[in-house]
Amino acid sequence: MAQDLRTYLRQLTELDERSVRLVDKEVDPKFGITAYAAALAEKGDYPALLFERVKGSEFACVSNLLTSYERIALYLGCEVSDIPRVYGEKLKKPVAPVVVERAQATVKQNVIAEEDVDLGKLPIPVHNEMDGGPYLSAGVMIIRDPDSGLINAGIYRHQIFNERDMGVWFLGAHHGGLIYKKYKKMGKPAPIAIALGHHPGFVMGTVSRVQGIGGEYEAAGALMGEALEVVQAETSDLLVPAHAELILEGEILPDEDHVEGPFGEWPGHYLGGGSVPKIRIKRITHRNHAIFQDIVASGREHLVVGGVPRSGSIYQTVKQVVPSLKTVHVPFYARMHCYISLHKEREADVKKAAFAALNTEQENLRHIVVVDDDIDVFNGEEVAWAIGTRFDAERDLLVIPRWNGPGGLLPTNWEYNAEGKNTPRMSSAAIVDATKPAPPVVFPKRARVPREFIELADLQALREPDKAAHDKWF
Ligand SMILES: Cc1cc2nc3c(=O)[nH]c(=O)nc-3n(C[C@H](O)[C@H](O)[C@H](O)COP(=O)(O)O)c2cc1C
Ligand SMILES: [Mn+2]
């Protein structure tokens, strides 16, 4: 059986039954869904949430699903610390999708005709206080490049405008926007499909940095460990995932831009927005008892789903340039940072690695920190310690002026003034070289307890202080 959202939910519950929590009380899609995620996050708890009754909708909604590295390690079948390597190596071995017949495609179990399309009947959340309206945050938009014929996919935010219209917001160099502009230039509507609810390997495959247009279905297959099953769309020549929960089909209209936003984005601020192209939805297909998928915008989930694929893609490209790379980490808690650990063979390795990372993740990275391979890049404290002990700003800091922007989601890519007007600007990137000098230079050794003695420590012998101990010692 092909993997999908449901097989993954089952796998999660087998891991730990508390990892998926049901909410059978009715919730309002306006703040009601994100309120549960936020209340739990305040307690440091990030279970997947399955809302069974969302006001105004017959569909359930799953949210907060991909909130931890452990959940990603689960489907990749590896340790958390090995995610970037395993992810990067899988991306190097793309798996082509296979086309299945309509009868095999669970997403075709129900078809909603054009005249019956009403986006108001989907459980689409309003996430944060000042958001301009409901947003699809986990919709994977599929579009065909008219020149090469290749299918490209990615997640782009979609604000719902009315029963059948929504926006689409494309950032900088993302292929989705480049392809849309080709149709616009020809004055033609661009056929698209939006897939909602699927296996995390599909979702993350589509947001991986795949070089060149297309290749996301192949990345999804590689991450899922099996060919993605796709099926002919209803209204266009697109091939869509056969086991998504819902597929919305429609067109990006060439000349009907619409104001969108604001939307609380992953850096945690309200930025971006303005006028965006409009999509008209013409058909919806869905599984029986479909589960709509949401990603908690600007919350932990948004950060993890965005960060991990970047770590995987960067691992792959840096490894090609600097083979002594150990691993990389784009931490969810500061996704504009990238920590790279390597065994330095020569001084130039640091800059080669840092530029490969910057060029792989062109839009969002601002600070690359390169450390030696004795530093655990998954531990922010160790990275901070390496900066404190091995980095000298005068000697080891390289600033690359005007690297990011102008504008976009990073707050540093804007100039602010007292009138409350923002003007786009470009901001710099920095490479922080927190490595020791390359051999043969001798650098002071780290103070450590010998490993063989740590292993000899008998932790079973530890006990709670009892009364006798109190009387004697305290
Ligand atoms: C939750 C989430 C939301 C995203 N929202 C947007 C968005 O609104 N606009 C955008 O251009 N990219 C967005 N991205 C990033 C793209 O989906 C991602 O970079 C993708 O690789 C772009 O593919 P493309 O270059 O083929 O268009 C988002 C990513 C995630 C994980
Ligand atoms: Mn692409």
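**Ligand shell, domains and core of a predicted model**

The shell around ligand 1 comprises 8 nonpolar, 8 polar and 2 charged residues. Here Ala, Val, Leu, Ile, Met, Phe, Trp, Tyr, Cys and Pro count as nonpolar, Asp, Glu, Lys and Arg as charged, and the others, Gly among them, as polar. The model is predicted: local features need pLDDT of at least 70, side-chain atom pairs count only at pLDDT 80 or more, and totals for chains, interfaces and linings use all residues. Residues are numbered from 1 along each chain as its sequence is written, while chains are lettered from A and ligands numbered from 1 in the order in which they are written.

In total, 18 residues surround ligand 1. A residue is near the ligand if its C-beta atom, placed from the backbone, lies within 6 Å of it. The closest are G154, R157, L171, H174 and H175. Strand 8 (151–155), helix 5 (175–185) and helix 8 (300–321) each give two or more residues to this shell. Helices (H or I, at least four residues) and strands (E, at least two) are DSSP runs, numbered from the N terminus.

The domain assignment divides the chain into domain 1 (5–300) and domain 2 (323–443). These bounds come from an automatic or database domain assignment. The centres of the two domains, taken over C-alpha atoms, are separated by 30 Å. Domain 1 brings 14 residues to the contact and domain 2 brings 15 residues. Two residues are in contact if their C-beta atoms, placed from the backbone, lie within 7 Å. On the side of domain 1 that touches domain 2, 6 residues are nonpolar, 4 polar and 4 charged.

The largest nonpolar core has 125 residues. Such a core is a set of buried Ala, Val, Leu, Ile, Met, Phe, Trp, Tyr and Cys residues joined through C-beta atoms within 7 Å. I142, I340, A353 and A357 have the most contacts inside it. Helix 8 gives the most to this core, with 7 residues. Domain 1 and domain 2 each supply at least three residues to the core. Leaving out residues up to four places away in sequence, I340 touches V318, L325, V328, A353, A354, A357, I368 and V370.

Helix 4 (residues 83–91) is largely enclosed by the rest of the structure, because 7 of its 9 residues are buried. A residue is buried if 20 or more other C-beta atoms lie within 10 Å of its own, exposed if 12 or fewer, and partly exposed in between; C-beta atoms are placed from the backbone. The buried residues of helix 4 are I83, P84, R85, Y87, G88, K90 and L91. Their cover includes helix 3 (69–76), helix 7 (216–224), helix 8 and strand 19 (325–329).

K319 lies in helix 8. With 22 C-beta neighbours inside 10 Å, K319 counts as buried. Its contacts, leaving aside neighbours within four places in sequence, are G88 and L325. The C-alpha atoms of K319 and R85 are separated by 9.4 Å, although the two are 234 residues apart along the chain.

Backbone geometry was examined next. Most residues other than glycine have a negative phi, and most peptide bonds are trans. N64 has a positive phi, near 65 degrees. N64 sits in the loop between strand 3 (60–63) and helix 3. It counts as buried, with 26 C-beta neighbours inside 10 Å. S298 is not a glycine either, yet has a positive phi of about 65 degrees. S298 is in the loop between strand 18 (291–293) and helix 8. With 21 C-beta neighbours inside 10 Å, S298 also counts as buried.

A cis peptide bond joins G261 and P262, with omega about -10 degrees. P262 belongs to the loop between strand 15 (258–260) and strand 16 (274–276). Another cis peptide bond joins G405 and P406, with omega about 5 degrees. P406 is placed in the loop between strand 22 (397–404) and strand 23 (414–416).
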